Amino acid sequence: MKHTLSVLVENNPGALSRIAGLFSGRGFNIESLCVATTLDPTLSHLTLVTSGAEFIIEQIIKQLNRLVDVYKVVDISEGEFVEREMALIKVRAEDETRAEVLRMCDIFRCKVVDVSSKTYTVEVTGPESKIKAVVELLRPLGIKEIAKTGTIAMAREKKTL
Amino acid sequence: MAKMAGKQMVVEALKREGVEVLFGFPGGAIIDIYDALEQDGTVKHVLVRHEQGAAHAADGYARASGKVGVCLATSGPGATNTVTGIATAYLDSIPIVVLTGQVPTALIGNDAFQEVDIVGITRPCTKHNYLVKDVKDLPRILAEAFYLARSGRPGPVLVDIPKDVQNGKAEFHYPEKIRLRSYNPVVEPHIKQIDRACKLIEGASRPIIYAGGGVVISSAHEELMELAEEMHAPVTMTLMGLGGFPGTHPRSLGMLGMHGSYCANMAMANSDLILAVGARFDDRVTGKIEAFAQHAKIVHIDVDPTSIQKNVKVDVPIVGDCKCALQKLVKAVKRLGRPAEQWRELYAPWLEQVKAWESRHPLTYKKDPDIIKPQYVIEQLYQMTKGRAIISTEVGQNQMWTAQFYKFDTPRSLLSSGGLGTMGYGLPAAIGAQMAFPDKLVIDVAGDGSIQMNIQELATAMEQRLPVKIVILNNQFLGMVRQWQELFYERRYAATRFDVTPDFVKLAEAYGAKGLRATKPGEVEGVLKEGIDYPGLVIMEFAIAREEGVFPMVPAGKATTEMLLV
């Protein structure tokens with residue numbers, strides 16, 4: 001099953017490498033990984049999507065906690081949470097499809113962030129399923145390039161890290 | 001406050017941490033620290049002949065003394081040579097601090113001469129490591145390194161210090177107390193878990209205590225004894241746990257696992273309650289995991305939560321220091337108010353069964369009047385030294401025969417690479433132990449294969465005038481691999497036969513040490529006696545039965561009850 005882990009980690013050089021190395025060294029999966037600093041510049045917030053049986057997830061959380069640089073680990077998928085990904089999609093937009101692309105964008109509340117005579121670059125934000133849907137619908141129109149972030153996530157309501 | 005150079009900070013930090021001895025090897029990127037050490041003159045330095053030896057010596061020093069071992073190496077090859085020693089310490093949770101020199105910060109990443117990313121290389125085999133980029137951080141980092149190495153589940157910590165940082169100057173503030181918000185090992189166990197464990201003990205009829213290296217590391221041997229005595233429970237130990245409970249105790253079942261005793265493996269398999277203390281259910285202990293201890297409830301005490309529930313499902317996890325947890329558990333068990341009689345009566349059928357297993361297949365070997373049996377050498381060694389020796393081993397058959405036939409009664413009397421299984425560990429570890437205890441008898445039990453992996457350290461031992469005794473069980477084979485080939489590869493001895501081995505007696509003499517050799521069983525006692533009585537470094541070589549095996553043996557992947565016996 002998929003789990004989304006929120007990890008607070010000391011903003012030290014090498015901290016990310018320790019985490020990545022832990023996953024590769026122990027054969028754990030990483031489906032996506034997003035890192036950025038928090039309001040406190042000495043801490044980074046890392047959202048990590050992984051999968052595995054319950055005891056594997058338990059090991060992952062314990063092993064993360066064992067790293068000296070890791071401050072806190074929460075499996076936010078245990079409760080209610082919101083998650084978002086973002087994608088930039090460069091799609092072919094020539095005479096016959098230009099209007100169609102814009103219609104799609106409208107339906108999915110995507111933003112056109114760059115325009116050329118032959119392409120639109122579209123920004124789409126949402127849970128993974130929405131990004132997938134947009135990609136599938138734009139694909140027949142001719143996707144030239146795609147760049148995606150991993151998932152970032154946050155527990156709902158009052159809970160904070 | 002006057003400013004201090006980084007190299008002097010290192011010396012100052014070592015002094016503050018109470019470091020008495022360092023093991024190391026100099027080079028261009030560490031020369032400044034060596035100079036500062038030389039000028040200060042307080043900390044004793046042992047010059048090894050290979051940096052791997054330095055790391056193992058620091059490790060042996062730490063295992064024997066319980067203090068943090070420290071070693072020193074230069075950048076590049078000096079640093080990479082320590083890696084096996086670091087990994088050895090990591091797998092066995094041994095506190096060492098490794099200080100490496102590094103090329104100047106301006107050159108890092110340029111493929112400079114003798115540059116290697118040692119922090120990157122050792123990331124997965126250190127508890128933590130540092131590259132010091134600013135001399136201002138050096139005192140704090142050194143203090144953290146020592147703190148991390150010794151606290152919680154101990155382990156190796158590496159500090160990589162670029163040459164310009166060694167020579168840069170800053171004020172020296174050495175933190176009295178280390179506080180790291182992201183590192184807070186749990187020492188005190190949860191009392192509810194102790195109570196739950198106690199409930200299981202109350203209901204058990206076939207309990208067994210399974211003690212590991214954590215007992216030795218946290219000096220929990222007295223508490224362990226108290227628990228075993230209170231409950232009248234049998235105790236088995238991992239390789240790392242030997243000495244944590246006296247091997248001569250009537251309820252000691254000796255070592256368990258792949259080469260453990262028949263009764264220990266049978267007792268684990270048939271027990272209804274396993275009390276695991278500072279052990280980690282390693283594959284060499286459990287055998288085929290699906291068949292492991294199927295009837296047992298498991299209580300698992302460990303300071304490292306990752307050890308718990310990693311390989312087996314645990315009924316009562318107790319995270320905490322073994323000593324602390326056992327103290328609490330003993331108290332709780334005593335509160336049950338069961339008189340000794342009642343415990344004894346309750347477990348009588350179980351202990352009888354265990355005894356029956358023990359007498360059905362005791363640890364034994366076929367004696368031979370003409371050929372020296374390695375087990376006989378170890379038995380004689382034990383008879384002669386009983387409890388007053390620190391024994392280090394190499395890895396392979398020599399290690400297993402020692403674990404089986406030498407009875408370790410006190411903690412920290414066996415130094416052996418359990419987790420990583422590092423051949424070449426024993427001699428440098430013995431050097432480290434002898435540095436910690438100049439007056440104790442320190443013996444390295446070796447095979448002719450593994451002794452050659454760090455044989456250069458004979459010079460180190462001679463130079464320090466260390467009276468280390470080396471017992472070489474020479475079968476002119478890489479014996480453990482040969483044994484596997486015999487049993488599982490139709491005796492195809494691929495690359496395990498030594499057609500050339502040095503004349504170890506002459507080799508000893510070449511280093512200025514004493515060399516002795518026994519080729520017949522009748523000579524064993526005399527050689528051991530002469531060697532042990534000799535006041536200096538000595539090699540005792542025993543020409544042993546070439547194809548002797550280590551038994552019992554659980555074939556890899558089999559259940560621990562499927563032992564091959566003598």
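Begin with chain A and follow the chain from its N terminus: the elements run β-α-β-β-α-β-β-α-β-β-α-β-β. That order contains four helices and nine strands. Keep in mind throughout the tour that this is a predicted model.

**Stop 1: chain A as a whole**

Keep chain A selected and show its C-alpha atoms. Along the principal axes, they fill a box of roughly 55 × 35 × 30 Å. Now colour the buried residues: they make up 27% of the 161 residues in chain A. Next, look at which parts of the chain touch. Of the contacts in chain A with a separation of 6 or more, 74% are between residues 24 or more positions apart.

**Stop 2: chain B as a whole**

Select chain B, which has 22 helices and 20 strands. Its radius of gyration is 24 Å, close to the 24 Å that the globule rule gives for 566 residues, so chain B is as compact as a globular protein of that length. The box filled by the C-alpha atoms of chain B, taken along the principal axes, is roughly 70 × 60 × 40 Å. Buried residues account for 56% of the 566 residues in chain B. Among the contacts in chain B between residues at least 6 apart in sequence, 77% join residues at least 24 apart.

**Stop 3: the domains of chain B**

Give each domain of chain B its own colour: domain 1 is 3-171, domain 2 is 191-360 and domain 3 is 374-543. Then hide domain 3 and look at the other pair. The centres of domain 1 and domain 2 of chain B, taken over C-alpha atoms, are separated by 38 Å. Where they touch, five residues of domain 1 of chain B are in contact with five residues of domain 2 of chain B. On the domain 1 side of this contact in chain B, the residues are one nonpolar, two polar and two charged.

**Stop 4: two helices in chain B**

Two packed helices are described by the angle between their axes and the distance between the axes. Select residues 51-65 of chain B, which form helix α3, and residues 83-91 of chain B, which form helix α5. These two helices pack at an angle of about 25 degrees, with their axes 7 Å apart. Because of that angle, α3(B) is roughly parallel to α5(B).

Show the side chains at the contact. From α3(B), pick Q52(B), A55(B), H56(B) and D59(B). They meet T84(B), G85(B), I86(B), T88(B) and A89(B) in α5(B). The residues of this contact between α3(B) and α5(B) divide into three nonpolar, five polar and one charged.

Note on methods:
Residues are numbered from 1 along each chain as its sequence is written. Chains are lettered from A and ligands numbered from 1 in the order in which they are written. This is a predicted model: local features need pLDDT of at least 70, side-chain atom pairs count only at pLDDT 80 or more; totals for chains, interfaces and linings use all residues. A residue is buried if 20 or more other C-beta atoms lie within 10 Å of its own, exposed if 12 or fewer, and partly exposed in between; C-beta atoms are placed from the backbone. Two residues are in contact if their C-beta atoms, placed from the backbone, lie within 7 Å. The radius of gyration is taken over C-alpha atoms; the globule rule is 2.2 Å times the number of residues to the power 0.38. Axes are lines fitted to C-alpha atoms, for helices over the stretch in contact, and angles run from 0 to 180 degrees between N-to-C directions. Angles under 35 degrees count as roughly parallel, over 145 as roughly antiparallel, 65 to 115 as roughly perpendicular and the rest as oblique. Ala, Val, Leu, Ile, Met, Phe, Trp, Tyr, Cys and Pro count as nonpolar, Asp, Glu, Lys and Arg as charged, and the others, Gly among them, as polar. Domain bounds come from an automatic or database domain assignment.
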